[in-house]
Amino acid sequence: MSPKSVKMPSRSKKKQITIHVYDEARKTQKDFHCGLQELLSGMKYFRGYLSDVQNEEVEMSVHCDVKVFEWLLLYIQMETLVDECVTFIAKSINDVTRLPIDLSCLADPLLVKLARATTEDSLETVRKIPQVGGDTAEDAMASSQNSSARQLLVSKMYRLKLEEMLQ
């Protein structure tokens, strides 16, 4: 049985954990490394065992399917990445909405996160971005489409913010 190690990129420089996963069915072992807070927020099962940890480096062993554990850890990492992207877009909403992309087609759960992270002042600034014409009919059409997508995004985000306030 040869141990394999998978280091998951950690977004935080805080407490790290090494998880030794033993898969008896596959007769294999794999080590995973990630941030302790990430693990505790994404896999609530471990809170009862690890919530009082004081050390900077923590190790634990788990007996389960290696592939399933790897998938769960990747999912946690993806949720963290999504949250970081939403935060970035919210902080840069004025610049991002000037790009020739349509964010209004994002799924509602993502738009809810984005709406929560964006201030009303930022949305109002985006709403007031003037439509810029182009030198050609094609440029003018693209500018018009981008302006429409931007206005649709702002409308959806205002609606989501309002719905959340009314709940």
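**Before you start.** The model is predicted: local features need pLDDT of at least 70, side-chain atom pairs count only at pLDDT 80 or more, and totals for chains, interfaces and linings use all residues. Residues are numbered from 1 along each chain as its sequence is written, and side-chain values use heavy atoms, with hydrogens and water left out.

**Whole chain.** Show the cartoon and you will find 7 helices and 4 strands, taken as DSSP runs (helices H or I, at least four residues; strands E, at least two) and numbered from the N terminus. Their order along the sequence is β-β-β-α-α-β-α-α-α-α-α. Of the 167 residues, 37% are buried; buried means under 20% relative accessible area, exposed over 50%, and partly exposed in between (1.4 Å probe, protein chains only).

**The largest core.** Next, select I17, I19, L39, F46, L50, F69 and L73, the residues with the most contacts inside the largest nonpolar core, which has 19 residues. Such a core is a set of buried Ala, Val, Leu, Ile, Met, Phe, Trp, Tyr and Cys residues joined through side-chain atoms within 4.5 Å. Strands β2, β3 (28–35) and β4 (57–63) and helices α1 (36–42) and α3 each supply at least two of its residues, and the largest share, 4 residues, comes from α3. Zoom in on I19: leaving out residues up to four places away in sequence, I19 touches K30, D31, F32, C34, L39, M60, V62 and F69, where contact means heavy atoms within 4.5 Å.

**A second core.** Now pick A90, L153, V154 and M157, which are among the 16 residues of a second, separate core.

**H20 in strand β2.** Go to H20, in β2 (residues 16–23). Is H20 buried or exposed? H20 counts as buried because its relative accessibility is 14%. Show side chains and look for E59: a polar contact of 2.7 Å joins the side chains of H20 and E59. A polar contact is a pair of N or O atoms within 3.5 Å; within protein, one must be able to donate a hydrogen and the other to accept it, and residues adjacent in sequence count only if both atoms are side-chain atoms.

**Out to helix α3.** Finish at Y75, found in α3 (residues 66–91). With 46% relative accessibility, Y75 counts as partly exposed.
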